[in-house]
Amino acid sequence: MSYERVRAVDPEIADALVAERERQNDTLAMIASENHVSEAVLEAQGSELTNKYAEGYPGERYYAGCEHADTVETLAIERAKELWGAEHVNVQPHSGTQANMAVYLAMLDPGDKILSMELEHGGHLSHGHPANFTGQTYEVEQYQVDPETGYIDYDALAAVAEEFDPDIIVSGYSAYPRDIDFERIQAAADTVDAYHLADIAHITGLVAAGVHSSPVGIADFVTGSTHKTIRAGRGGIVMCRDEFADDIDSAVFPGGQGGPLMHNIAGKAVGFKEALQPEFEAYAQQVVDNAKALGERLQEHGFSLVSGGTDNHLVLVDLRESHPDTTGKDAEQALESVGIVLNANTVPGETRSAFNPSGIRAGTAGLATRGFDEDATRTVADLIATVVDDYDDEAVKAEVTDRVAELTDEHPLYE
């Protein structure tokens with residue numbers, strides 16, 4: 001794509017778009033919340049639907065001229081129901097955070113209680129962090145992973161729930177590398193008569209493909225992002241039982257948002273259709289297989305992984321034992337300079353700060369999209385180890401940069 005029409009109007013933006021396309025093609029995207037959508041999804045998101053206001057829902061719009069918007073949104077909803085087995089789906093949230101906001105707005109009053117996982121243990125800002133609206137609007141208590149194993153301590157979670165008596169318990173995480181026992185969290189919620197919100201933002205695609213356990217039919221509410229492991233249009237989604245449908249829909253619009261981003265919903269619909277194809281399950285399994293290969297090879301290089309491994313699309317590396325003088329930010333910046341893009345991340349028992357933490361988080365969804373298998377992913381792990389071991393050595397970084405270029409050429413992103 002040359003962006004000729006953009007260039008004729010705004011050459012600076014055209015240059016930035018071309019540069020970003022080249023950056024994505026020439027680097028390895030290993031930020032666990034990122035992926036590469038198909039060109040069909042890109043085309044849908046750049047469609048004329050960006051011009052259309054469609055406040056309301058299919059068949060109940062506030063404006064005229066919504067017949068084709070209704071078709072698109074209805075298809076997105078039907079496909080989501082088929083993918084995840086949900087009774088009711090709202091595809092209008094602009095992001096995963098706004099999907100969570102819709103649940104809170106629908107079911108809680110200001111000052112009600114949220115029980116969620118601590119951010120440094122793998123939680124998310126929208127689960128109750130004081131910098132987020134949730135921490136400013138609701139009373140929040142948090143649970144942790146077991147400091148020895150790195151796994152969720154479900155007994156401790158249940159004990160905190162009984163003591164705190166929350167109105168809602170949040171499961172689903174942004175930096176937790178293990179499968180989640182949603183039934184045990186639901187049992188804890190049932191004991192204290194709380195709602196259960198499962199935020200599967202990172203694992204929507206893995207759940208859809210059946211390579212990760214599903215909270216649908218277990219939790220009262222399931223939210224997610226639609227652009228991570230599911231590879232659809234950028235945004236969020238809320239799933240729930242029919243009994244909560246009206247409350248959720250009213251909380252999304254008009255409660256928390258105005259007109260839906262219909263071009264993004266078109267991208268969601270196209271991505272959902274792609275995910276319904278048989279090859280998507282093989283893709284999702286490859287994501288998980290690659291993450292296991294990545295983690296095992298990093299361990300062979302002496303790196304410590306939180307929980308000792310992974311069951312999903314990401315590994316969380318704690319650098320304090322293997323590289324005590326190297327921060328996550330040191331590693332992130334050095335790896336970015338050679339074309340490997342991941343992020344610094346807090347780890348359980350963090351002794352530094354969230355801005356310069358002790359860990360790095362690496363995901364494999366983008367690599368699998370490009371066609372990387374386990375062997376290719378092990379090569380990437382070797383390169384990560386080489387750089388982190390000698391991140392001040394320019395000769396080492398130059399050699400790794402060349403190898404990354406070979407890998408990206410072997411696995412082109414957009415032809």
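**Cavities and rings in brief**

The lining of the largest cavity is made up of five nonpolar, four polar and two charged residues. Please keep in mind that this is a predicted model. In total, two cavities of 30 Å³ or more are found in the structure, and the count of aromatic pairs comes to 11.

**The largest cavity**

- This cavity holds about 60 Å³ of space.
- Its nonpolar, polar and charged lining residues number five, four and two, and among the residues that line it are Tyr173, Tyr176, Ile180, Ile200 and Ile203.
- The lining also includes Gly172, His202, Asn312 and His313, along with Arg178 and Asp199.

**The second largest cavity**

- About 50 Å³ of space lies inside the second largest cavity.
- Around it you will find Leu294, Leu298, Val315, Val317, Leu342, Ile360, Arg361, Ala362 and Ile384.
- Helix H12 (278-300), strand S12 (314-318) and strand S15 (359-363) are the elements that give two or more residues to this lining.
- Strand S15 gives the most, with three residues.
- By class, the lining of the second largest cavity has eight nonpolar residues, no polar ones and one charged residue.

**Aromatic pairs**

- There are 11 aromatic pairs to look for, and one of them is the edge-to-face pair of Trp84 and Phe272, with 5.4 Å from centre to centre and 90° between the planes.
- Trp84 belongs to helix H4 (residues 67-84) and Phe272 to helix H11 (residues 262-275), so this pair links distant parts of the chain, 188 residues apart.
- Trp84 and Phe272 are both buried.
- Phe221 and Phe244 form a tilted pair, because their planes stand at 45°, with the ring centres 4.7 Å apart.
- This pair, too, links distant parts of the chain: Phe221 is in strand S9 (residues 221-225), and Phe244 is in the loop between strand S10 (236-240) and helix H10 (245-256), 23 residues apart.
- Phe221 counts as buried because its relative accessibility is 0%, and Phe244 is buried as well, with a relative accessible area of 7%.
- Tyr104, Phe133 and Tyr138 are linked into a cluster by ring pairs.

**Charges over rings**

- Lys113 has its charged end over the ring of Phe164, 5.0 Å from the ring centre.
- Arg231 places its charged end over the ring of Tyr283, 3.7 Å from the ring centre.

Methods: Residues are numbered from 1 along each chain as its sequence is written. This is a predicted model: local features need pLDDT of at least 70, side-chain atom pairs count only at pLDDT 80 or more; totals for chains, interfaces and linings use all residues. Side-chain values use heavy atoms; hydrogens and water are left out. Rings of Phe, Tyr and Trp (its six-membered ring) pair if their centres lie within 6.5 Å; planes under 30 degrees apart count as stacked, over 60 as edge-to-face and the rest as tilted. Helices (H or I, at least four residues) and strands (E, at least two) are DSSP runs, numbered from the N terminus. Buried means under 20% relative accessible area, exposed over 50%, partly exposed in between (1.4 Å probe, protein chains only). A charge sits over a ring if NZ of Lys or CZ of Arg is within 6 Å of the ring centre and within 35 degrees of the ring normal. On a 1 Å grid over the protein atoms alone, a cavity is a set of points where a 1.4 Å probe fits but cannot get out, and a pocket is an open set with protein on both sides within 12 Å along at least five of seven lines; lining residues have an atom within 4 Å of a point. Grid points are joined across faces, edges and corners, and a volume is the space filled by probe spheres set on the points. Ala, Val, Leu, Ile, Met, Phe, Trp, Tyr, Cys and Pro count as nonpolar, Asp, Glu, Lys and Arg as charged, and the others, Gly among them, as polar.
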